[in-house]
Amino acid sequence: MTTESTAHPHKRINAAEVCKLCGGVSDMSLHRWLNNPELAFPKPIYISRRRYWREVDVIEWLDAREVAA
C-alpha cells in the first residue's frame, strides 16, 4: 500500500482510483461513505463535474480507520 511519505501531496486521483486504493470497494460504497458524516471520508474536489480527491487525504483516512479498528 502507498504510504503518506511516498504519496505526492498534490496528486489528485479520480473515483475509480479511490475505490481501488480502498481495497476495491464499489462506487456505491464510496457514495455511502461520502454521505455518512460519522465516517468523515474526505470530500472530493470537483473539476468539470468530475470528482477528484487528494491522494494523501484518502491515505490519511485509511490510516486513521486502521488505527481506530
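Begin with the aromatic rings: the pairing rule gives 4 aromatic pairs in this predicted model. Rings of Phe, Tyr and Trp (for Trp, the six-membered ring) pair if their centres lie within 6.5 Å; planes under 30 degrees apart count as stacked, over 60 as edge-to-face and the rest as tilted.

Select tryptophan 33 and phenylalanine 41. Their ring centres are 5.5 Å apart and their planes stand at 50°, so this pair is tilted. Both residues can be checked for burial, where buried means under 20% relative accessible area, exposed over 50% and partly exposed in between (1.4 Å probe, protein chains only). Tryptophan 33 counts as buried because its relative accessibility is 18%; phenylalanine 41, at 4%, also counts as buried.

Helices (H or I, at least four residues) and strands (E, at least two) are DSSP runs, numbered from the N terminus. Tryptophan 53 has 0% relative accessibility and therefore counts as buried.

Next, widen the view to the nonpolar core, a set of buried Ala, Val, Leu, Ile, Met, Phe, Trp, Tyr and Cys residues joined through side-chain atoms within 4.5 Å. The largest such core has 16 residues, and those with the most contacts inside it include Val18, Cys22, Leu30 and Val58. Helix H1 (15–21), H2 and H3 each contribute at least two residues to this core.

Now display the strands. An open sheet of 3 strands runs in the order S1-S3-S2 with antiparallel pairing; two strands pair if DSSP finds at least two bridges between them. Strand S1 (12–14) and strand S2 (45–47) are the edge strands, each pairing on one side only. Between S2 and strand S3 (residues 50–54), 3 bridges are found. Select isoleucine 45 to find tyrosine 52 of S3 opposite.

Finally, select helix H3 (residues 55–68), which lies across S1 and S3 at about 65° to S3. Axes are lines fitted to C-alpha atoms, for helices over the stretch in contact (heavy atoms within 4.5 Å), and angles run from 0 to 180 degrees between N-to-C directions.

Residues are numbered from 1 along each chain as its sequence is written, and side-chain values use heavy atoms, with hydrogens and water left out. In this predicted model, local features need pLDDT of at least 70 and side-chain atom pairs count only at pLDDT 80 or more, whereas totals for chains, interfaces and linings use all residues.
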